[in-house]
Amino acid sequence: MGFEHTSVMPQEVNEHQNLKPGNICVDCTLGGAGHALATLKAILPDGMLIGIDQDLDAIDHAKKILDPFKKNVRLVHSNFSDLPQILNDNGITGVNSILLDLGFSLNQLKNGNRGFSFNKNEPLDMRMDIRNDLTAHEIVNSFPEDELVTLFFKFGEEKFSRRIAKKIVEHRRHTPIQTSAELAQIVTKAIPAKFVYSQRIHPATRVFQALRIAVNRELERLEQFMAIVPSLLLTGGRLCVISFHSLEDRIVKQALRKFEAGCTCPKELPVCLCGFVPQMRSVFRRPLIPTKEEISANPMARSSKLRVAQKV
Ligand SMILES: C[S@@+](CC[C@H](N)C(=O)[O-])C[C@H]1O[C@@H](n2cnc3c(N)ncnc32)[C@H](O)[C@@H]1O
């Protein structure tokens, strides 16, 4: 099956990246390379795009899509939390724009064969980077029950975490849970029927989200990245982050708030002793969200939020 891409908020991202020919930009989450292609077109003829993805399939796909511009592109199979090292390796001290379009791609969901979708019967894997060791199979079949409860609650905000973890442990006592479809069925059975039918989303959505976040250490990597982002941008450089759930958005929002605040001294002090100065400025107070038209054309955009900030 071919590689699909449906970039979220493409016009908004393109407009607010504020790109000019000759800019150096980073797409930290290439996926189907839709945003990357638009970025490249805005920085030609002599700009440079560093494209990163932790999924080798995405890198291979981007190689093909971006081939006509290969002189202007460096593709790196890595985690975006390694960006300082990647820039260093390329002799770059600061960039004009960084894009993070978080979460998983349509291709991973539809063609990944790694158990990202509860609608498919695939091996329970969920690794975006198959060089890592931890899989969803290992978590589901070996983590103690109380750790499963915490994981589903913390990363999925799942209110039936206890019931679901209990059912999983009961099931695996007889036979290991091998596939995404088996897990989806166990989760559905664990949730009281009146909640199964009253929700707008599939009953296993939150458990699948929690497992994916845990397997890929998604929040940890995002926190590491956000803690150093001002040091990667040139003055006036822009950061665009598209998040898909409140756990991601909270990390981005809190990090930006800290960088915007500057001095942290108590108000009573006559002079600043901490020495912190504002490093970033949010371009909008509230995040942008996709239009109704975009959501009806691309339901995956439904919960997305775009935050844009500029290095001062
Ligand atoms: C939503 S898709 C990006 C879609 C892309 N913007 C487009 O236009 O098609 C997210 C991609 O980011 C990658 N990804 C997620 N977290 C990552 C991380 N910490 N480091 C590197 N790549 C990551 C995933 O493998 C996936 O391919």
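Which helices are included in what covers the buried residues of α11? In this predicted model, the cover over the buried residues of α11 includes α6 (136-142), α7 (145-156), α8 (161-174), α9 (180-190) and α12 (218-228).

**Helix α11**

Helix α11 spans residues 205-215 and is mostly covered, since 10 of its 11 residues are counted as buried. Among the buried residues of α11 are Val-207, Phe-208, Leu-211 and Ile-213, and the list also includes Arg-206, Gln-209 and Arg-212. After α11 comes Arg-217, a residue whose phi is positive, near 45°.

The protein chain is divided into two domains, with the bounds given in the table.

| Domain | Residues |
|---|---|
| domain 1 | 10-107 + 219-311 |
| domain 2 | 133-215 |

The centres of domain 1 and domain 2, taken over C-alpha atoms, are separated by 31 Å. Four residues from domain 1 and four residues from domain 2 take part in the contact between them. On the side of domain 1 that touches domain 2, three residues are nonpolar and one is polar, while no charged residue is found there.

The largest nonpolar core has 49 residues, of which Val-26, Cys-28, Ala-36, Ile-98 and Leu-100 touch the most other members. When residues up to four places away in sequence are not counted, Leu-100 touches Cys-28, Thr-29, Phe-80, Val-241 and Ile-242.

**Lys-305**

Lys-305 lies in strand β7, which covers residues 305-311. Is Lys-305 buried or exposed? Lys-305 is buried, because 21 other C-beta atoms lie within 10 Å, and the cut-off for a buried residue is 20 or more. Leaving aside neighbours within four places in sequence, Lys-305 is in contact with Ser-243, Asp-249, Pro-287 and Ile-289. Lys-305 and Phe-244 stand 61 residues apart in sequence, yet their C-alpha atoms are 6.6 Å apart in space.

**Around the ligand**

The ligand is surrounded by 21 residues, and the closest of these are Ser-7, Thr-29, Gly-31, Gly-32 and Gly-34. Thr-29, one of these closest residues, is also one of the residues that Leu-100 touches. By class, the shell around the ligand divides into six nonpolar, 11 polar and four charged residues. Helix α2 (34-43) and strand β2 (48-53) each supply at least two residues of this shell.

Methods:
Residues numbered from 1 in each chain as written. Predicted model: local features only at pLDDT ≥ 70, side-chain atom pairs only at ≥ 80, totals over all residues. Near = placed C-beta within 6 Å. Helix = DSSP H or I, 4+ residues; strand = E, 2+ residues; numbered from the N terminus. Nonpolar A, V, L, I, M, F, W, Y, C, P; charged D, E, K, R; others polar. Domains from an automatic or database assignment. Contact = placed C-beta atoms within 7 Å. Core = buried A, V, L, I, M, F, W, Y, C linked by C-beta atoms within 7 Å. Buried ≥ 20, exposed ≤ 12 C-beta atoms within 10 Å, placed from the backbone.
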